[in-house]
Amino acid sequence: MDKNKRKELQEEYKQIKTYMGAIQITNKVNGKIYVDSYPNLKNKWMTLQMQLDAGRFANAQLQKDWKELGSETFTYEVLEEKEADGVIDVRWEVKQMEKRWLEKLQPYEDRGYNRARS
């Protein structure tokens, strides 16, 4: 690849906006939800599906239900997103988003896959 084309592609990449945010995965059979947040939502559902399909998802109960019920039983939704450009502390911002959605949705015990934090 010549230098001009490479430089052009690098500039295009810099122009791509990055969005952080909070997501929800819903089990359509039992209604349980899982809430999490990420600093970059681009292709996040595809990444999460790959982890679940490979049996490597961090949440054991959601992983178990995914394996037993199949991927078609689950839906993915972005609850909130915000452009990450210009945000000084992205990790703090996404944790604040997650905290708000956890408080609002209470996805614990029979209602969800998240664990209550003490």
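**Salt bridges in the predicted model**

Let's start with R100, which forms a salt bridge with E80, the closest N and O atoms being 3.0 Å apart. This pair links distant parts of the chain, 20 residues apart: R100 sits in helix α4 (residues 90-105), E80 in strand β3 (residues 74-83). By salt bridge I mean a side-chain nitrogen of Lys or Arg within 4 Å of a carboxyl oxygen of Asp or Glu. Helices (H or I, at least four residues) and strands (E, at least two) are DSSP runs, numbered from the N terminus.

A word on the basis. This is a predicted model, where local features need pLDDT of at least 70, side-chain atom pairs count only at pLDDT 80 or more, and totals for chains, interfaces and linings use all residues. Residues are numbered from 1 along each chain as its sequence is written, and side-chain values use heavy atoms, with hydrogens and water left out.

Now accessibility. Buried means under 20% relative accessible area, exposed over 50%, partly exposed in between (1.4 Å probe, protein chains only). R100 is partly exposed at 44%. E80 is partly exposed too, at 24%.

Next, helix α4 again. E98 pairs with K95 in a salt bridge, closest N and O atoms 2.9 Å apart. Both lie in helix α4, three residues apart, about one turn. E98 is buried, at 2%. K95 is partly exposed, at 42%.

Then E68 and K64. Their side chains meet in a salt bridge, 3.1 Å from N to O. They are four residues apart in helix α3 (residues 60-69), so about one helical turn separates them. E68 is exposed, at 53%. K64 is partly exposed, at 42%.

And the total? The whole structure has four salt bridges.
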